Amino acid sequence: MNDITSVLLIEDSQADAKYVQKILPTHLYRFVHVDRLERAREAMQENSNFDVILLDLSLPDESGLSTIMSTISWANSVPIVILTGLADEDLAIQAVKCGAQDYICKQDLSGPSLSRTIRYAIERKQHDKDAKRLAVLEKHEEFMATLTHDLKNPLIGNNMILELMAEQVLGVVSAEQASLLLNLRDSNSLLISMIQSLIDVYRFEKDVDSVKMESVEPLLIIDKCMKSIAPIAMHRQIKLSTNFADSVETITADADAFRRVMQNLLDNALKFTPDGGAIGIDAYATNGSIVFKITDSGPGIPKEEQSHLFERFAQGRAGKKFTPGIGLGLYLCKQLVCAHRGEISCSSDIGCGTTFTVKLPQNGISENNQTSSEVNYDRSRLN
Amino acid sequence: MNRATKRILLVEDSPADARLILEVFKDENISADIQVVRDGQTAMDRLRCVGQFADSQKPDLVILDLNLPKKDGREVLAEVKGDEHLKCIPIVILTTSQSEDDIIKSYELQANCYVTKPIELQQFVKTIKSFESFWLKSVRYPHSHE
């Protein structure tokens, strides 16, 4: 909200209307004054940017509770403050029960009391809106978290059965059938890993601090990740290389989270690197942090897409065309890195490949930077 | 004589209007001693300094609304201007009425001026300020009622 409060004043008493405008400082309040409900509705259609509606309950074209009911119907959740006479206090209270934010007795009007009432009404309305939205959001997230778990378990069961069948434990199958069964298992595995990404996303969104910090050897983990892509890389004649500085021995991190970040970035690199290309990982220590650079010789990422890479469900155009995915990989990486109070970034030029840089504090989360705003930032995008 | 602070009698039956006028006086730092009465009969008592107003002194100036309970503003105007002891007190008609009849009738009854209350706040404030600069700063009053 900017500094000037925009008020729609609905009041048929000219004197009261002028008094209200007189007692509020003109440099802080801007008024549109109407003396009929019908005109108020028109004013609202012309300019819906009102911060508050001040409403008299006895107007020429409508009076009593129906005034508030019809106002609410077109007020687009702009907070409403009832202006009331002494005799109408009961009515005003009913109006508040119907959805007005507050009421103020015309006899008690003063600049400070009115501006306080207006401010509180705006604040309260905003608070109610936020609370409602958050409740819906939380319910939604909880549902998704449960759903993803429930989706994953039957797939794991399926895979076990498929493997048993392929291995002929359950009876004789032909070589062709076995190969098809293993194909089924592989697509299931892909699904499971996508679902696992979703589960992790929800887990880390719910609880940033669910990382388990321990001393890990990053190079061992990276080696394992490299090995997992090595067969495909070899098949596609992609050259893999690592270049680790001696200073990189241990880092305080969540081993599983770290593995996922590296694996995701390597899987991505593999997806986008053409046959005969190259993928490399550099690691070195600097100023209490360890920097990991994952570089590929892929087509590069357009500048306009780079800024959205780490958003939830974001996926580059190229990604959509070539690979299955739901755009959670980099979002999850960012969450995990942020949970370590680290940084992740991307630099890329069209035709010159892409480098993802992950920078993690070598000694884990220090006490004085426990609170991270970055993950919260991601959450706020959802609102 | 010209005392620094003038006594003004505001005859206004609408509390909202009275409050607005007082607020503008206060907000614009207009120095005046304003008393508000809400009907024509009380206004006459106040002007004659009788009844509850026995200890009061005559006002220097009257701001009079036309539509009043008990005794109408026009009657008050006629009575004041017909009274040897009161007729020198200037009377400013301040009303929502824009009717030509009211204007003519008021001047016939020797109102000193006739002002219609502006609808819009800034204009209203301007009117009150011009009232101040004329009736409270420029005008000289008769030396009769001390």
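Which residues gather in a patch of negative charge on the surface? They are Asp88(A), Glu89(A), Asp90(A) and Asp108(A). This is a predicted model, in which local features need pLDDT of at least 70 and side-chain atom pairs count only at pLDDT 80 or more, while totals for chains, interfaces and linings use all residues. Residues are numbered from 1 along each chain as its sequence is written, chains are lettered from A in the order in which they are written, and side-chain values use heavy atoms, with hydrogens and water left out.

**Surface charge**

- A patch is made of residues with over 30% relative accessible area and no salt bridge, like charges being joined within 9 Å, and Asp and Glu count as negative.
- Asp88(A), a member of the negative patch, sits in the loop between strand S6 (80-84) and helix H4 (89-98) of chain A.
- The relative accessibility of Asp88(A) is 33%, so this residue counts as partly exposed (buried means under 20% relative accessible area, exposed over 50%, partly exposed in between, with a 1.4 Å probe and protein chains only).

**Salt bridges**

- Over all chains there are 28 salt bridges, each being a side-chain nitrogen of Lys or Arg within 4 Å of a carboxyl oxygen of Asp or Glu.
- In chain A, Arg41(A) and Glu38(A) pair at 2.7 Å, N to O, and because they are 3 residues apart in helix H2 (residues 37-46), about one helical turn separates them (helices are DSSP runs of H or I with at least four residues, and strands are runs of E with at least two).
- Both partners are partly exposed, Arg41(A) at 28% and Glu38(A) at 37% relative accessibility.
- In chain B, Lys117(B) and Asp17(B) form a salt bridge at 3.6 Å between the closest N and O atoms, and since Asp17(B) lies in helix H1 (residues 15-27), the pair ties together parts 100 residues apart in sequence.
- A network of salt bridges links Glu11(A), Asp16(A), Asp56(A), Lys106(A) and Arg19(B).

**Cysteines**

- The count of disulfides over all chains is 0, a disulfide being a pair of cysteine sulfur atoms within 2.5 Å.
- Cys105(A) is buried at 6% relative accessible area, and Cys49(B) is buried at 18%.

Key
Patch = residues over 30% accessible without salt bridge, like charges linked within 9 Å, V, L, I, M, F, W, Y side chains within 5 Å. Areas by Shrake-Rupley, 256 points an atom, 1.4 Å probe, with all protein chains shown as cover. Charge placed at Lys NZ, Arg CZ, Asp CG, Glu CD.
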